[in-house]
Amino acid sequence: MSTTATPTPVSLHPLSPLTGDEMKAARQIVFDSGLATVANEALRFAYVGLCDPPKEVVRAVDSGEPGAAARIDRQVRMVLLQGPEADVVEADVSVTRGQVVRWEVVEDVRPPLQMEEAYAAQLALAACDEWNAALDRRGVVDRSLVQVDPWPAGTFGLEHEKRRRITKCLAYLRESPDDNGYARPLEGLLAIVDLGRGEVLEVIDYGTVPVPPTSGSYYPEHNGPLRTDLKPIEITQPEGPSFVVDGNLVTWQKWSLRVNMDPLEGLVLSTIGYEDGGRVRPIVYRASVSEMVVPYGDPNPMHQWKSAFDTGEWGLGRMADSLTLGCDCLGEIHYFDDVFADERGKPHTKSNAICMHEEDYSILWKHVDMVSGRTEVRRSRRLVVSSIATVGNYEYGFYWYFYLDGTMQLEVKLTGIMSTMAVEGNDPGDHARMVAPGLAAPYHQHLFNVRLDIEVDGPENTVYEVDAVPSPPGEGNPVGSAFGTTTSLLETELAARRNADPSRSRTWRIANRSRRNGLGQPTAYKLLPAATPTLLAGPESSIGRRAAFAAHNLWVTPFSPDERRAAGDYPNQHAGGAGLPTWTAQDRDLVDTDIVLWHTFGITHIPRPEDWPVMPVEYTGFTLVPFGFFDRNPALDVPPSSDGDHCHA
Ligand code: NI
């Protein structure tokens, strides 16, 4: 394909974040290629991210193989829009070689909603007579106080959906420009707008409902008097943090990992390993939130279609906040900036997009010898790598934790403002709860899918489901109290569609059968799920098909570089079935294979008054725990705290 004469010199690791210069070069290579069917200025860049380099190149570079650097081919993946139609171009551009290496038109798919287009939809509504008439019927005088939220539209067989990129818009009335509009939904009013063309397709008025009477301000000036008895907490590390950062490579307490930000997946951690006996033992090759969905459970026609795929329809990296010291993060913080491309392909830097720090986490282990009275206790500490995305009304904080004993964890913090509806007579029906006078919040779920390209002691792994079960009464169980474990090999993809079962303490063990610990057991980690739901919507419903990944807590696939996102690459307005259901239908073999775990977890949110007007953080997540990866507690070498002999006396 076409070649531009100025290849970028390679000085980067294959997993280094894309630089602004690389983005500029890639954009220019596309422009120079002449492959687009529209003028360069009309091209829109819906996605610009790092193309995953081949694993063998990453491993060759990391192991210092001679000549490995020459194999680095830095590639930028782009999703481009050439007009208002529901088609995209996927382009892979090698900035190393200065050429477009793949240019593929994908028909009838939609990228995430574009900010520029979402704004155009708001302008189109403001100029729409029908919309304005509906606002008049609701007594809205000052149009500048109308807040319009463009939502991903879902798929319901509407004529408007065909071949178009559309949004459904909801409206709220603010009291002042910085007011919390969700306190005053303009209920019953819904508009469908063609995003590509900025054209209002339909204004639907289901009838007016009184605007709720009370303010939803969460600002301090409206919520006083403020508490005065909170004394300062200061976190100081006089000698600095214990981690070392080199580019995007982080090493901390035997852990090593690379930190990236993808426009859609948000935080991406790669080549996570743990140093043991002088060498780094691999654990996870790549970890990211591959998709998430927020399906709403209220059949009210205003709300039943709501189901945001906040990864694939908005983007957890695109929506990441710039974080603030002392507010989002406390202590000795290292920030990573995120260089991202805007919708015209131009690079910008979002400062402080990723926060990294250490946290004291209470005790790591302790024992008091009852005979001698000798006590040994160690403090637990964790490395925290986090980012927070603001997606419309909600905030999602993604916190990856690494512990001194080889455990790692993802905790998602949910906060922000609930999606609301105005209700007449304070009767919200069976699928929502009142959270303020005249204001209800529909039941909904937040379901995340994390993609764990796992490599416990190497790429070839095998997964077992392990349950704790009562033993049958009888000769081997004379007093009836015995219990054991069942360990089931998950041999193929269909067998590996599994759900959590807290009543059986269910875990999934990922073992390397070619490596043994000192006891002769295969080295392993276990995935410890939380008490987590699956999708409540029916499997044949629109959202049941589109978010089928959320029907199971566990899926396992053999690694394939094209299988990246649980609901497929283009969940926006997708009819469903893409991603995990399609891939795993092949029922491929999973034993002693380079496998990928896909874990769905989350919460079912039954709103409560205390969640209003802004939600205190709710938590969900999962943990990866070494299970025979080490021969014994790997944290015996953690020294007693420096501030006292009494920790071991
Ligand atoms: Ni919620």
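1. Which residue in S7 does Lys168 stand opposite? Lys168 faces Ile192 in S7. This is a predicted model, in which local features need pLDDT of at least 70 and side-chain atom pairs count only at pLDDT 80 or more, while totals for chains, interfaces and linings use all residues. Residues are numbered from 1 along each chain as its sequence is written, and side-chain values use heavy atoms, with hydrogens and water left out.

2. Strand S7 spans residues 185-194; strands (E, at least two residues) and helices (H or I, at least four) are DSSP runs numbered from the N terminus. Because 10 of its 10 residues are buried (under 20% relative accessible area, 1.4 Å probe, protein chains only), S7 is largely enclosed by the rest of the structure.

3. S7 pairs antiparallel with S6 (residues 166-173) over 6 bridges; pairing requires at least two DSSP bridges between two strands. Another 6 bridges join S7 to S8 (residues 199-205), again antiparallel. Asp194 stands opposite Glu199 in S8. The S7-S8 hairpin has 4 residues between its strands, and Gly198 takes a positive phi near 60° there.

4. The chain is divided into domain 1 (2-107), domain 2 (115-222) and domain 3 (245-648), with bounds from an automatic or database domain assignment.

5. Arg344 and Glu116 meet in a salt bridge at 3.2 Å, N to O.

Terms used
Buried means under 20% relative accessible area, exposed over 50%, partly exposed in between (1.4 Å probe, protein chains only). A salt bridge is a side-chain nitrogen of Lys or Arg within 4 Å of a carboxyl oxygen of Asp or Glu.
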